[in-house]
Amino acid sequence: MGFVRANRTGLAVALAVVVAAYVAYAVDGTLTSSLLGFAWSFAVPLVLAALVGVLGERSGVINIGIEGQMLGSAFVAFFAAALSGSMLLGALAGMGTGLLLGAFLAWTTVKWRMDQIIAGVVLNIVATGLTSFFYVQGFTLPQVMPSIEVPLLSSIPLFGPVFFTGGPFSLFAIVAVLVIWFGLFHTRWGLRTRAVGEHPHAADTAGVDVVRLRLLNVTLAGLLAGAAGAYLSMEASSTFERGFTAGRGFLALAIMIFGAWHPGKAMLAALFFGLMSGAAAQLQASRVVDIPEQFVNLLPYVLTLVVLAVAAGRVRPPAAAGEPFVKGDA
Amino acid sequence: MNDTSTTDRPGPSPAGPPREQGATSPENRRGVLDVLARFQGVLVPIVALLVAFAIGAALIRLQGVNPAFAYTTLFRDALLTESGLLRTLQKATPLILSGLAVVIGLRVGLFNIGAQGQLLWGAIGAAYVGVHLAGAPAVVILPAALLAGIACGAVWAGIAGLLKAYRGVHEVISTIMLNSVAAGVIDWLVSFPLKEPGQSIPRSSAIDPAAELSNLGFVPVGFVVALALAGLIAWILRRTTAGFRFDTVGANRDAAHYAGIRIPLVVTAAMCASGALAGLGGAIETLGVVGRYETGSSAGLGFDGITIALLARANPLATIPAALLVGVLRSGAAGLQFETGIQPEVVDVLLAVTLLLVSIPVLARVLFGRRARDGVSLTSGWGS
Amino acid sequence: MTERLLQLRGVTKHYGPVRANHDISLHVDRGEVVALLGENGAGKSTLVKQIFGLVTPDAGEIVVKGDTRPISGPSDAIARGIGMVHQHFQLVPVMTVTENIVLGHEPISGGRVDLPAARARVQELSDRYGLAVDPDAEIADLPVGTQQRVEILKALSRDVDLLILDEPTAVLTPQETDELLRVMRELAESGTSVVFITHKLREVLAAADRVYVLRGGQQVGEVATADVDEAGLAELMVGRSVVLRVEKDPAAPGEEVLAVEGLHVADDRGLPAVADLSLSVRAGEIVGLAGVEGNGQRELVEAIAGMRRPTGGRIHLRGDGTTQGGASGAVGEVDLTRARPDRARAAGVGHVPEDRERHGLVGSFSIADNLVLNRFTHRLFARRGVRNRAAIDDNATRLREQFDIRSAGIHTRAGALSGGNKQKIVVARELSARPRLLMAAQPTRGVDVGSIEFIHSQVVAARDAGAGVLLVSAELDEVLSLSDRVLVIHDGHIVAEVDPATIDRAEIGRLMAGGRRDAQALADEWGAGGEKQGPAH
Amino acid sequence: MKLARTTAALSGVVLAATLAACGGSTGNPNAGGGGGATGGAAPAGDCSSAEVFCVGMVTDMGSVDDKSFNQSAWEGIEAAAKQSGAQTKYIQTTDTKDYASNLKQFTDKKYDVIVTVGYVMAEATTTAATANPQTKFIGVDQAQAKVTDNVAGLVFPEDQAGYSAGYLAGLMTKTNKVAQVLGMQIPPVEKYAKGFEAGAKAANSTSNVSIVYHPAGDNAFSDPVWGANAAKQQLAQGADVVFGAGGKTGNGALGEVAKAKGAGTSTYCIGVDTDQWLTVPEAHPCLVTSATKLISKGTSELIMQAKDGKMKGGDFTGDVGLAPFHDFDAKLPPDVKTKVGAVVKGLSDGSIKTGVTLG
């Protein structure tokens with residue numbers, strides 16, 4: 001019950017969203033489920049990428065290189081699968097690449113204390129350069145990603161087909177949200193991670209190995225970025241293109257902030273962005289009103305700016321995010 | 001005070017606590033490495049470039065082409081023909097300006113990722129004036145178009161500046177958002193209200209010929225403007241009170257507050273200046289190269305500014321060689337492909353490797369050990 | 001009976017050319033309280049950080065219970081039974097008391113942190129040591145005294161044999177200090193050794209069994225408190241007989257320079273820090289502000305300096321301009337209530353900020369630039385927005401000479417200098433503007449003895465030249481010896497004005513703790529605490 | 001010690017560079033050229049000489065193997081080269097501002113025919129053509145509003161291809177809902193889209209055709225993930241035939257339909273431009289056909305005309321049609337095939353009009 005008390009607002013919002021969704025579902029079932037479906041497909045990579053940001057910043061490392069991590073992973077996942085003929089190998093290679101790029105960010109920023117934002121930007125530029133150069137056309141995945149139906153859950157009306165039926169990475173995203181949510185707020189790892197992100201010296205003097213925990217978290221977060229990348233090239237589509245991630249890594253940062261550095265709220269924020277984008281497409285398709293689709297698509301960005309401007313001071317980032325940790329510097 | 005006696009002044013005794021000695025007394029320096037270490041700001045990028053070229057050579061070799069020939073071709077095509085040189089300088093111009101835009105931000109501790117959006121606004125602002133003031137004499141329309149570009153960029157960046165200064169919204173996030181908003185709004189502008197009549201792709205009408213920025217032989221006027229601005233900004237940062245304000249806010253915000261510097265004002269001004277430079281870059285693209293606003297014609301130039309600024313280590317004058325390097329590589333890439341079939345993306349690899357080596361502290365440490373200076377450092381945290 | 005818990009042999013730590021610790025040897029036995037005494041900058045903090053594994057020694061040996069392995073980090077130190085209460089609290093503000101205390105050794109049940117068990121443990125510790133805390137309170141909401149209790153409980157929760165406290169009394173009222181000293185003695189009696197750092201002689205004599213004195217990074221003396229008195233300790237600490245009083249002539253106060261009326265100022269969190277405060281400073285006098293840190297001093301000074309906007313009241317700078325013909329040039333009465341720092345400065349306010357690293361200097365700038373940091377737009381140093389580098393350098397050369405700033409040259413980075421020299425830069429800059437009002441906040445914190453005397457003499461010289469001086473210091477001795485008049489601040493109010501020449505320490509301590517002079521009953525109630533001075537046995 | 005390390009590091013770099021440089025002794029300055037050093041069967045020669053017939057191509061933004069118009073045009077050039085023994089080469093454009101300078105690479109070397117691909121390159125092509133009257137230019141997708149003697153604009157009635165595809169879709173749909181997932185709103189795409197809609201309505205007047213263009217400007221043709229999402233959304237709303245027309249974005253839509261339940265039995269997709277059965281294998285489960293414009297054929301024909309000196313300025317209308325049904329040949333009802341065949345024939349002989357106009 002402590003959980004309910006601690007997350008009262010969040011739960012209220014979630015409940016309201018669920019109720020609203022079912023009301024909409026009752027009014028127009030196909031439209032609602034198609035919109036929600038669009039929103040969720042759109043949101044999956046953003047949720048995963050936002051979790052990358054959450055993990056990093058909760059431990060005190062700003063990750064602006066998510067875009068590059070996703071791009072590199074999407075590239076490797078696709079080509080590993082195409083060349084080896086094994087989807088599994090591709091997925092693993094993609095996530096492995098994410099891990100590697102996570103480790104790059106971890107070591108440059110945590111070990112060598114390079115400026116975190118610059119390290120992230122460099123990561124993006126390097127990933128873009130390398131994937132552009134080595135990209136070759138004409139490869140295809142050996143098969144399509146299998147779709148999995150989670151027993152019982154997938155038969156829930158509206159939500160079942162949308163959230164609990166899908167490729168492994170979509171389901172993984174849900175699991176990742178729940179695991180990280182629970183982990184951050186209820187486990188030893190989470191308590192220490194949050195301490196490290198808020199006040200690394202306090203954690204250090206309490207015997208927590210700040211450097212190791214940051215290295216671990218930022219590197220493991222890379223795994224999620226790898227999953228996001230692999231989702232894009234193997235599950236959401238079956239191809240890779242230059243500049244394939246199209247700014248999703250940056251959008252994820254907005255979602256992370258929108259979601260107040262909280263896994264569950266980030267997921268809601270990502271779904272909201274997805275709904276906006278879906279609505280933009282829907283407005284075109286159903287030709288109801290003639291709003292230029294550009295404007296509908298802008299809405300999430302403008303809204304983020306407004307929220308940030310209005311809620312400044314109320315949405316508070318982890319205090320140590322961005323600051324390199326120097327031992328004994330208390 | 002003309003004291004000729006040799007008695008010690010009261011106070012400092014030679015055997016005073018050791019911390020009294022300056023941490024970097026020049027007498028301690030010895031050896032070639034120490035001398036070289038003093039020039040590491042120049043040496044590190046050069047070595048980085050050499051390493052990048054070596055890696056590039058290996059890639060080129062893998063494709064069955066003689067790297068020496070490839071590089072010769074690339075540089076010949078970019079520098080030794082008049083049209084190649086013109087193209088190189090045209091490419092370098094917006095890069096210098098967007099690089100300067102990012103540099104200005106870095107000096108105040110702001111990371112302007114939004115140069116892209118500001119540059120687009122500059123480009124379309126200049127195009128609007130260049131089209132709608134058609135018929136006006138060049139002395140009116142050209143400055144007006146340039147100013148429009150500058151103003152559009154400054155206003156767009158100013159939004160991020162105000163949000164940062166008065167609402168504490170981190171500029172990295174706000175400028176990412178503003179980039180997307182700019183792209184959408186401008187796309188709509190050239191798809192509807194500013195679209196060239198009878199044209200079916202999203203682009204503006206051609207600007208009035210009087211608004212065109214010409215070339216002096218193989219030197220674009222815009223390039224001269226960019227050079228002058230790099231010099232001007234270097235001078236402003238080093239020699240003026242405005243520059244001192246910028247650097248103080250960037251180095252120590254609390255001390256700046258104590259010193260009576262109005263931080264919100266400086267932050268907003270810096271963002272506006274940054275956006276003005278990016279906007280000017282866009283305006284010069286419109287007036288000097290493209291001749292209209294065309295979707296996609298300025299893709300990525302603002303983001304390149306980040307590369308330039310980091311290569312230049314936040315030094316305004318160093319944006320010139322950095323931008324020229326990128327300009328040469330991009331401009332020579334076509335000739336390279338024509339002669340050897342090497343993909344132009346090899347240039348991206350060269351730049352990425354160079355940037356990586358310049359930015360991460362490893363290279364400097366390998367070269368200079370403990371004498372290595374830290375890289376550029378800027379913002380901390382998302383807060384205010 | 002005397003188990004040797006800790007033994008240091010030849011511990012040495014250098015930072016570049018700075019010898020923070022040099023060849024230090026000492027030991028701590030079980031059940032004793034050992035004080036590390038020394039002035040700011042003597043190397044005490046560095047030494048204990050090495051014992052706790054936060055800093056690695058360059059040379060020497062730290063032996064814990066006979067184990068000579070080097071201490072690899074705080075977790076290693078904790079594992080060997082060492083706990084530490086840090087000078088700057090190492091608490092995560094957004095977490096609860098319980099979370100902070102169990103951080104690093106969380107009880108786990110079924111994969112999750114067992115918060116009920118943790119809460120019970122905190123309650124049990126709290127009861128056992130008589131340190132009352134609410135286990136569920138968030139740290140950010142707690143007053144400093146309570147936060148320190150949490151720090152101590154956090155250390156004790158690890159079953160420590162040796163508890164290190166780094167400057168634990170700096171933020172406490174005298175009464176809280178006594179409470180802490182009592183806890184330290186109790187711990188020692190129950191077999192936990194205590195090492196505490198201080199530069200306050202009375203605390204050493206009150207609580208410690210033995211004392212090591214550090215000076216300039218070296219261990220210069222070891223004495224049992226039973227064998228020594230305050231004067232002896234002081235001499236050991238500074239290396240010569242201390243001038244207890246600053247040499248100065250009696251003040252010749254002129255007209256009022258600063259008038260503060262009914263001032264209200266909020267702190268960073270928006271809570272009232274200064275409430276309905278009035279004070280006045282006259283030309284040619286030094287007014288000392290005595291108080292425990294965190295009672296509104298910082299907010300008051302920042303409000304006068306224009307760095308913080310008051311929420312109510314008025315700040316006026318008066319004077320006809322004849323007492324000071326300074327470069328500031330402003331004449332007559334100026335309302336500074338809503339002035340920004342630049343205008344306050346132009347009106348004649350000089351401000352030596354309490355945190356010079358944060359506010360007073362830009363470490364990456366040269367000495368020359370720092371010497372004009374808040375005057376860079378002055379017509380001497382800039383014309384039409386262009387900086388006059390020759391004038392800036394001349395100014396630096398002159399002030400470096402005059403204020404004895406020891407550096408390789410005027411273009412040396414200020415951040416590379418020692419604390420004393422940094423402070424001299426700040427003082428030189430502020431005095432060279434010839435202010436009508438000089439506010440000096442903690443002017444000698446972290447400054448070596450030689451520089452302290454120099455800075456004190458400069459402050460007195462400024463007074464003698466006709467400036468009004470508002471001195472804020474956490475060092476009661478400094479306030480009492482330097483000031484002509486002392487105001488006591490508590491909880492954002494001025495609670496009393498006293499004469500530094502006649503005031504009794506116990507009395508002022510009581511006032512600082514919020515006791516009122518005229519309320520005899522109250523005074524009696526607090527009296528026990530106030531009288532508990534000198535050796536405790 | 002430090003110095004030694006530095007020297008070692010530096011010399012390592014230099015060594016690597018030297019090795020790389022010297023190792024390339026087989027590097028032949030003239031071996032490069034088109035198609036990754038496989039350009040043309042003919043030995044390298046001087047394009048300015050009358051005997052050597054040289055064909056160059058400048059791509060639109062994007063690479064020569066883009067499974068789309070750049071690739072088709074290049075295949076046309078290769079085909080023509082095989083026939084005529086021409087020497088071929090291409091340059092890939094990475095910056096829209098480089099069109100002119102990329103063209104200049106070819107004009108400087110006196111290439112005989114230069115193919116430029118894409119609507120946006122029309123102006124640069126005309127300018128280069130005016131400056132080099134003896135060189136022939138072929139502009140793919142470039143309608144010639146004003147005739148320039150040495151420029152042939154290869155244009156296609158995309159609306160007709162779209163119409164045929166739409167007609168097929170109209171016959172196939174069971175839900176009466178068909179959808180189009182499109183790239184940027186530019187003339188060729190718009191003609192496909194309007195033709196498709198007209199065709200669908202002609203086949204089935206009750207059918208509902210939804211149209212979704214990619215929203216953003218920069219990556220409208222290279223955002224397969226968005227394409228897939230948009231297709232998914234339309235499928236969920238009951239669309240059972242999806243026309244993906246927008247480069248990679250459209251391909252993404254095709255791939256998504258291929259994954260859908262009932263792909264190939266109750267849900268279908270239709271590709272665009274080239275026979276996407278060959279270029280987008282992941283779409284096989286649903287790909288009935290593609291609305292094609294025969295860029296390769298048109299390019300190759302124009303090159304041969306140019307070689308024979310018969311190429312005329314102005315528009316040259318290329319062929320459009322439907323790609324083979326491949327595996328669906330057996331699955332499609334015979335009457336559907338017959339009806340669609342009749343429509344294709346009617347369009348090409350002019351007896352059926354699409355009624356599509358732009359603007």
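Visitor: Why is D:Thr93 called buried?
Guide: D:Thr93 has a relative accessible area of 2%. Buried means under 20%, exposed means over 50%, and partly exposed is in between (1.4 Å probe, protein chains only). The 2% of D:Thr93 falls under 20%, so the residue counts as buried. The model is predicted, so local features need pLDDT of at least 70 and side-chain atom pairs count only at pLDDT 80 or more, while totals for chains, interfaces and linings use all residues. Residues are numbered from 1 along each chain as its sequence is written, chains are lettered from A and ligands numbered from 1 in the order in which they are written, and side-chain values use heavy atoms, with hydrogens and water left out.

Visitor: Where is D:Thr93, and which residues does D:Thr93 touch?
Guide: D:Thr93 sits in the loop between strand 2 (87–91) and helix 4 (99–108) of chain D. Helices (H or I, at least four residues) and strands (E, at least two) are DSSP runs, numbered from the N terminus. Leaving aside residues up to four places away in sequence, D:Thr93 touches D:Val58, D:Thr59, D:Asp60, D:Met61, D:Gly62, D:Tyr99 and D:Asn102. Contact means heavy atoms within 4.5 Å.

Visitor: What makes a polar contact between the side chains of D:Thr93 and D:Asn102?
Guide: A polar contact is a pair of N or O atoms within 3.5 Å; within protein, one must be able to donate a hydrogen and the other to accept it, and residues adjacent in sequence count only if both atoms are side-chain atoms. The pair D:Thr93 and D:Asn102 comes in at 3.4 Å, so it is within the limit. The side chain of D:Thr93 also reaches the backbone oxygen of D:Thr59, at 2.6 Å.

Visitor: How do you know that D:Cys47 and D:Cys54 are joined by a disulfide?
Guide: A disulfide is a covalent bond between the sulfur atoms of two cysteines. The rule used here asks for a pair of cysteine sulfur atoms within 2.5 Å. D:Cys47 and D:Cys54 have an S to S distance of 2.0 Å, so they pass. The torsion about their S-S bond is about -90°, which makes this disulfide left-handed. Both D:Cys47 and D:Cys54 are buried.

Visitor: How many disulfides are there over all chains?
Guide: The rule gives two disulfides. D:Cys269 and D:Cys286 form one of them, with sulfur atoms 2.1 Å apart. Here the S-S torsion is about 80°, so the disulfide is right-handed. D:Cys269 lies in strand 9 (residues 268–273) of chain D and D:Cys286 in the loop between helix 10 (276–279) and strand 10 (287–293), so the pair ties together parts that are 17 residues apart in sequence. D:Cys269 and D:Cys286 are both buried.

Visitor: Why is the sulfur of B:Cys152 too far from the closest cysteine sulfur for a bond?
Guide: The closest cysteine sulfur, in B:Cys272, is 13 Å away. B:Cys152 has a relative accessible area of 26% and is partly exposed. B:Cys272 is partly exposed as well, at 25%.

Visitor: What is worth noting about phi of A:Trp261?
Guide: Most residues other than glycine have a negative phi. Phi of A:Trp261 is near 60°, a positive value. A:Trp261 is in the loop between helix 12 (248–258) and helix 13 (263–286) of chain A, and its 3% relative accessibility makes it buried. D:Asp141 also has a positive phi, near 65°. D:Asp141 lies in the loop between strand 4 (136–140) and strand 5 (151–155) of chain D, and is buried at 7%.

Visitor: What makes a salt bridge of A:Arg248 and D:Asp223?
Guide: A salt bridge is a side-chain nitrogen of Lys or Arg within 4 Å of a carboxyl oxygen of Asp or Glu. The side chains of A:Arg248 and D:Asp223 meet at 3.5 Å, N to O, so they qualify. Between chain D and chain A the count is three salt bridges.

Visitor: How many residues from chain D and chain A does the contact take?
Guide: The contact takes 32 residues from chain D and 33 from chain A. The area buried between the two chains is about 2,800 Å², with carbon and sulfur atoms giving 50%. Buried area is the accessible area (1.4 Å probe) that two parts lose on being put together, summed over both.
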